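Welcome, and please open the structure in your viewer. We will walk through it one selection after another, and at each stop you can check what is there.

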Amino acid sequence: MGGLTGVPRTDFHWKASPGKKEALLGKRIAIIGGTKGIGRAVARQLAAYGAEVTVVGRTFADQDIKQIRFIPADLSSLKKSLEVADQLLEQPPEICLLTTGIVAAKTRQETSEGIETDLAVSYLCRYVIVKRLVEKYPSIEREIKPRFFIMGFPGADMMGNVDDFNSELAYKGMQAHSNTVAGNEALVLHSAKSYPQAGFYGLNPGLIKTTIRSPVLGGGIFSKIVEGIIGLLFPSADQYAEKLLALLNSPVLENYSGAIFNRHLNPIQPSKNLQDEESVDRIISESEKLCEPILRFT
């Protein structure tokens, strides 16, 4: 990190080298949201390279892969997310990939804990898990510098509304979703500054053919057409996962906590509205305000 605002450097290069994927053998890797889409594709490929993979989500379709352990969880609940983090700490992951997410509904929906649903599932559950893991990571494991990869749309200049972060005053689906996007990017930048004992990286995979947009598109023929076009023009989840595997364990990243990567996995600048510490800190402060009454962090 460098400069007055801690804007991550982008003047470095990495490339996948032969044998790097094999170095994943025996690595403890957790994927929050690893039961569908990109998360599942990454989990399956990691398992094929011998990593010890734990996936967290609602449903599990890979019971036949012995290298993958499943933790069932409703990640719309912040309390449950904290429990998940504590379960993961029993066998602390060396790498944690956070991919869980939905798209904001057309009308405001909220969880039983009073949080707008997209914000809870796509961002605050990640905030809770990252905070718990990095602050409680066992001291005996400190020779291992854990890495956190947070997936969303960092660098996309999506402006969250920090004055209505929980979308209680007014609701528009896209604005609500931009709060989750800004939150995830702020989490990477804030954590890189605050927790030097770990590495934090943002991932923007661009458009990938998945089912995440179905609730907004309606799930019918129109949805199939849109996803079909995306499938023709952009990489599949498996293709993206194949590239990502080499990055997860790359030694080059050691000195670049806070880096953000585009769909080609090249480093890019953060969003313009998040290139100052005040903006980042305001988002984290609002996150804490929403979580604190529910969790009473200690």
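Start by selecting Ile260: opposite it stands Ile268 in strand E8. Helices (H or I, at least four residues) and strands (E, at least two) are DSSP runs, numbered from the N terminus. Ile260 belongs to this stop's other strand, E7 (residues 260–261), which two bridges join to E8, and the two run antiparallel.

A word on what you are looking at: this is a predicted model, in which local features need pLDDT of at least 70 and side-chain atom pairs count only at pLDDT 80 or more, while totals for chains, interfaces and linings use all residues. Residues are numbered from 1 along each chain as its sequence is written, and side-chain values use heavy atoms, with hydrogens and water left out.

**The whole sheet**

Now show all the strands. Strands of a sheet pair through backbone hydrogen bonds, either parallel or antiparallel. Here two strands count as paired if DSSP finds at least two bridges between them.

**Asp62 and its arginines**

Next, select Asp62, in the loop between strand E2 (52–57) and E3. Asp62 is buried, at 2% relative accessible area. In this tour, buried means under 20% relative accessible area, exposed means over 50%, and partly exposed lies in between (1.4 Å probe, protein chains only). Leaving aside residues up to four places away in sequence, Asp62 touches Arg40, Arg44 and Ile68, where contact means heavy atoms within 4.5 Å.

**Salt bridges across the chain**

The structure holds 15 salt bridges. Each is a side-chain nitrogen of Lys or Arg within 4 Å of a carboxyl oxygen of Asp or Glu.

Select Glu94 and Lys27, whose side chains meet in a salt bridge (3.5 Å, N to O). Glu94 lies in the loop between H2 and E4, and Lys27 in the segment before strand E1 (28–32), so the pair ties together parts that are 67 residues apart in sequence. Glu94 is buried at 13% relative accessible area, whereas Lys27 is partly exposed at 22%.

Move on to Arg58 and Asp74, which form a salt bridge of 3.0 Å, N to O. This pair links distant parts of the chain: Arg58 is in the loop between E2 and E3, Asp74 is in the loop between E3 and H2, and they are 16 residues apart. Is Arg58 buried or exposed? Arg58 is exposed, with a relative accessible area of 62%, while Asp74 is partly exposed at 30%.

Then pick Arg147 and Glu254, a salt bridge with its closest N and O atoms 3.5 Å apart. Arg147 lies in strand E5 (residues 147–151) and Glu254 in the loop between helix H7 (237–248) and E7, so this pair ties together parts that are 107 residues apart in sequence. Arg147 is buried at 8% relative accessibility, and Glu254 is partly exposed at 36%. Now return to Asp62: salt bridges that share partners join Arg40, Arg44 and Asp62 into one network.

**A glutamate without a salt bridge**

Select Glu113, in the loop between strand E4 (95–98) and helix H3 (117–136). Glu113 is buried yet has no salt bridge, and the nearest side chain of opposite charge, Lys79, is 5.3 Å away. For charge, Lys and Arg count as positive and Asp and Glu as negative; His and the chain ends are not counted. What does the side chain of Glu113 reach? The backbone nitrogen of Leu78, at 2.7 Å.

**Two cysteines**

Finally, look for disulfides, meaning pairs of cysteine sulfur atoms within 2.5 Å: the structure holds zero. Cys125 is in no disulfide, and the nearest cysteine sulfur, that of Cys291, is 9.9 Å away. Cys125 is buried, with a relative accessible area of 0%. Cys291 is also buried, at 0%.

Definitions and conventions:
A polar contact is a pair of N or O atoms within 3.5 Å; within protein, one must be able to donate a hydrogen and the other to accept it, and residues adjacent in sequence count only if both atoms are side-chain atoms.
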